[in-house]
Each structure stands twice: as C-alpha cells, then as structure tokens.
Amino acid sequence: MALLTNYEAWELAKIGAELLWNFRFEDSKQYLQQQLQQFNDLSFSWFLAQNTFARAVLTEEKEDVKIAFESMENAMKQARIIRDASVPKQDLQIYHSNVMTAKLCLAELSMLDAALKFRLQQLLKGVYNFRKSWKYYESAQAYFSKVATTDPKYQDLQSILLAGVGFFHFVVSIVPKKFLWLVEGVGFQGNRTLGFSELTSSAELNRFGSRIALLHLCWIKSFFEESFTEGERYLEQILNTFPTAAHIQYLGCYVYRKQGKMQEAERVIQLAYENGVQIPQFQLYMKYEMGYNAYLNANWNDAIRHLQEFLDNSTIPAFRVYASFQLAMSYEMCFHKERAIDILKKCFSFVRKGYDYDEYSERRGKRYIAKNGLTMFERKFLVACLHFEVRRYDETLDELNNCEPISETIDDRMQLSYLRAAALQQKSQFESAKELYQQVLLCEKLIAKEFLYIIPHSMTGLAEILIKENKPNEAKVLLRNAKNNYSNYDFDQLLTWRIKRNLDSINEVD
C-alpha cells in the first residue's frame, strides 16, 4: 500500500470533502473510496463517513442508514487506534497532529452518530453518543496546545475544533425546557455568547472547518435571532465558495422566505433542484418546497401540481403530513372539498408523534373534516395568514378587512384582532397594535381552546412593544406568563424561542 505524508493525505482528502460540499455525492464517494483503498489514511475514512451520514439523513433509506453507521464506526475504530498509539521518540510534531486529527474525528462522528439516532427516534442511544461527542471535544480542546503552530494542518484543525465546541455551547443554551434532561445527560451548561464567539472565530480563520461554522452562524442568525441580513451574509459566503451546494441553496430558500423575498426563494430552490440531481429524494424535497412557495403565494394550481408530485413519489415520512394538509387546503381554495377531505383522511396514518407540523396538520385536518370544509371567513383568514408569514403586511391588513364583515364568532373576531395587531406591530404602528393585543387578552376566557394560541402570541407581541417603550419589567411579566402558563398550542416551540430571545435581550440590558 502506498504511503503519503500526514499533510499530503489531508490535502487529498479535502478534495473529496469539497466535492461533497458542492453536492457531488457520488463523485465524492468514489474519489474517497479509491483514495482510502490506496492509502488507508484516517482523513479519507473520516470524510467518507461524512458523505454516508449526509446521504442517510437526506434519503432516510434503511440501507443508506446502515451504511452510514458502518462507515462512521469504521472511521472511529481507525481514529481510536491512532489516538491510543504509543508516543514515539521522534517525529512528535506529526504524532501530535495525527492524534489531534483522530480526536476531532471521534468528536465529530460521535455527534453525527447521535444526530442520526435522534432522527430515528433512538433517543437514549442518541443522548449517550451526544455526551460522548462532547467529552471527545473536551479532550481535543485540552490536547490542542500540543499541536505545533508550524504544523501545516494547524489552522484547519483549529477551525474544526472551534466550530465543534461552538456548536455545542450554543445548541445546549437553547434546549427547550421539555428536553432539559438531555442537557443533564450531556453534563455541562450551554453558553450562548461563548458559542457564538467560537463559531465566529472559526469562520474568520477561513480554513477547512470554517464552512460548517458559517452554516451554523447562518441558521443561528436567521432562525434564532431573526437577524436576516447577517444570516444572508453568511449564506452568501458559503455559496461563493460552493456555488453548486444544493443543501445550502435549500437553506437559502428558508432565509429568503423568512424575509418575504419570495422571488429569491423560488430562484434558489430551482437551483437546489437542478444541483441535487445525485440524490433523487432530495430533488423531491425541492418539489415540496416549490409547492410550499406556491402555497404561500396563494398560487393554488401550482401548489397542487408540486405537492402532488412530491406525495406521489416520496417514500419517506418527512413533510408527508404537512404537504398533505397544504395540498388539501389548496384543493379547498379551488372548491374541491371532497378531494381535500379524501387527502386528509389518507394522511392521518403517517402522523409522527412529537412532530409539530404533523400534529398541527392532524388537528386542523380533523376539524376540517368534522366541519365539512372551511367557512368563507376561514378561507379569507387563511390567505391573510399566508401573507403575514412572508411579511406582506399591507396585503395582510387588506385581507383582514375583507374578513371582518363575514366574521361570525368571538373566535373569528379575536383571531382578526390578533393578526391585525401583529401586522401593525411589524409596521411600527405600536399604539394601535397595543390596543388590539389588549383587547384579545381581555377576551381570553371567551375563546375556544383550539384558538388559545393567540393569547401567548398576543402577550409576546405586547411585551415586544413594551421593550421598545423601555418598560422591561412589564414586558418580563407578560413573557414569563406566556412561557410558563401556556403549552400544547399550535407551533408552541417557535413561540418559545421568540420568548426566550426577548427575555435574553432584557437580561442583557439589565
């Protein structure tokens, strides 16, 4: 078997990783397998394991999952042998570099193994490996001082280490209350500020591990902090380096959609579809996202076409139930009620417990069937909600004005008041928004249970206005009330993150 220097093997393995980041799965896999067969270096095993993990997550096929676990275990066995080797009397720089590489491989692949187990609902095994991953990262962090700064891999290894520990510090800091047992299992406290600093440091190195740090920073800024301009900046940095990275273009669809930039969202999802050709299941996900974009634009015929194609061809649970609900509502808006009911009845057997979008679709779907369709108010209110989701606030208010004359119940009227308040808040019309939020809160006892989601949302919106008015103590009372006294409403986790973000902003000022 041919021999390479430590650095030569690393540089060759990075070629396979670059192919993977450009979504050339098969090219990356074949290249890494060939190099591994010829040189048997850990770098090739490690990056091949990354490839098989990513494929398994995207396809959820049993054979792909099996291959991923086997590939990760093979790489970790190789890493443990290197880590546990005796210290040589010479070539210590190469030895420490190799040991550090092995420790980082063990840390990252243990995390990926845990992530895949979580996805398969193997929670206890996932927690165990998640904890192992952190312990490996701790060990790597303590060992890193032994790596010579003159080592050619030094900054690559540093960037990987910072991205890994930064991810842990941030993620554990945002674990929801109902999953605190997982944090206790890991055995350490999260630190959001430190995590963000570590990820930023990794990104600024502009080395091999910086890409994953940029990816983490993109979703942190976009989804946890809603700092979309910064999130978009990180997104563009990755895409400038990896122009055919379909998975990053997929993320871009969400970033643009959250900002209401629907043309950009449609553009990048088309690119993701074209660049995702090596993973057919991924292309089906992109068909779903095309349908979702059309649904948000109230383009019912296009939504039906894309969503139906996704449902007809996808063989895995991801998106199936919510796509069915969206498809049913699209048929309802085209006055095909019986078709909508038929679709909903067929999707209930696919509902996964603990998945917010599945459970929401089941609740709303069963209500739709029981009521034999939507009222005229509900049809117009649905359109208003879609406008609001993509930040078309003037259109939201116009549609709510159309809803008002046909509202029939207190639930209708309070939903109108809540959504109008939320739109006015976004337009900085705070006094009008406050009055409407307060109106909703005064009517809490009159609102049916299934619509009580508007209460914690109204409390949160009102608290955000109070923060702007420099009334943090009043805001805290509302936020803690919303956080502690309401649960199991539609998409409660999304609001929990928003509440946490606002409480953190108050505490930072304090």
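Predicted model: local features only at pLDDT ≥ 70, side-chain atom pairs only at ≥ 80, totals over all residues.
Local features need pLDDT of at least 70 and side-chain atom pairs count only at pLDDT 80 or more, while totals for chains, interfaces and linings use all residues. Residues are numbered from 1 along each chain as its sequence is written, and side-chain values use heavy atoms, with hydrogens and water left out.

A pocket is an open set of points on a 1 Å grid over the protein atoms alone, where a 1.4 Å probe fits, with protein on both sides within 12 Å along at least five of seven lines. The second largest pocket holds about 290 Å³ of space, the volume being the space filled by probe spheres set on the points, which are joined across faces, edges and corners. Its lining (residues with an atom within 4 Å of a point) consists of Arg 363, Arg 364, Arg 367, Lys 449, Glu 450, Leu 452, Tyr 453, Tyr 486, Ser 487, Asn 488, Tyr 489 and Asp 490. Six of these lining residues are charged, four nonpolar and two polar. In this division Asp, Glu, Lys and Arg count as charged, Ala, Val, Leu, Ile, Met, Phe, Trp, Tyr, Cys and Pro as nonpolar, and the others, Gly among them, as polar.

With a disulfide defined as a pair of cysteine sulfur atoms within 2.5 Å, the count is zero. For Cys 253, the nearest cysteine sulfur belongs to Cys 218, 12 Å away. Cys 253 is buried, at 0% relative accessibility (buried, under 20% relative accessible area; exposed, over 50%; partly exposed, in between; 1.4 Å probe, protein chains only). Cys 334 is likewise in no disulfide, and the nearest cysteine sulfur, that of Cys 403, is 18 Å away. At 21% relative accessibility, Cys 334 is partly exposed.

Aromatic pairs (rings of Phe, Tyr and the six-membered ring of Trp, with centres within 6.5 Å; planes under 30 degrees apart stacked, over 60 edge-to-face, the rest tilted) number 38 in the whole structure. Phe 223 and Tyr 254 form an edge-to-face pair, at 6.5 Å centre to centre and 70° between the planes. Phe 223 belongs to helix H10 (residues 210-224) and Tyr 254 to helix H12 (residues 246-258), so the pair ties together parts 31 residues apart in sequence. Helices are DSSP runs (H or I, at least four residues) numbered from the N terminus. Phe 223 is partly exposed, with a relative accessible area of 26%, and Tyr 254 is partly exposed at 26%. One aromatic cluster is formed by Tyr 285, Tyr 288, Tyr 292, Phe 310, Phe 319, Tyr 322, Phe 325, Tyr 357, Tyr 360 and Phe 491.

Charges also sit over rings (NZ of Lys or CZ of Arg within 6 Å of the ring centre and within 35 degrees of the ring normal). The charged end of Lys 287 is over the ring of Tyr 273, 5.1 Å from its centre, and Arg 320 lies over the face of Phe 350, at 5.0 Å from the ring centre.

Key: Helix = DSSP H or I, 4+ residues; strand = E, 2+ residues; numbered from the N terminus.
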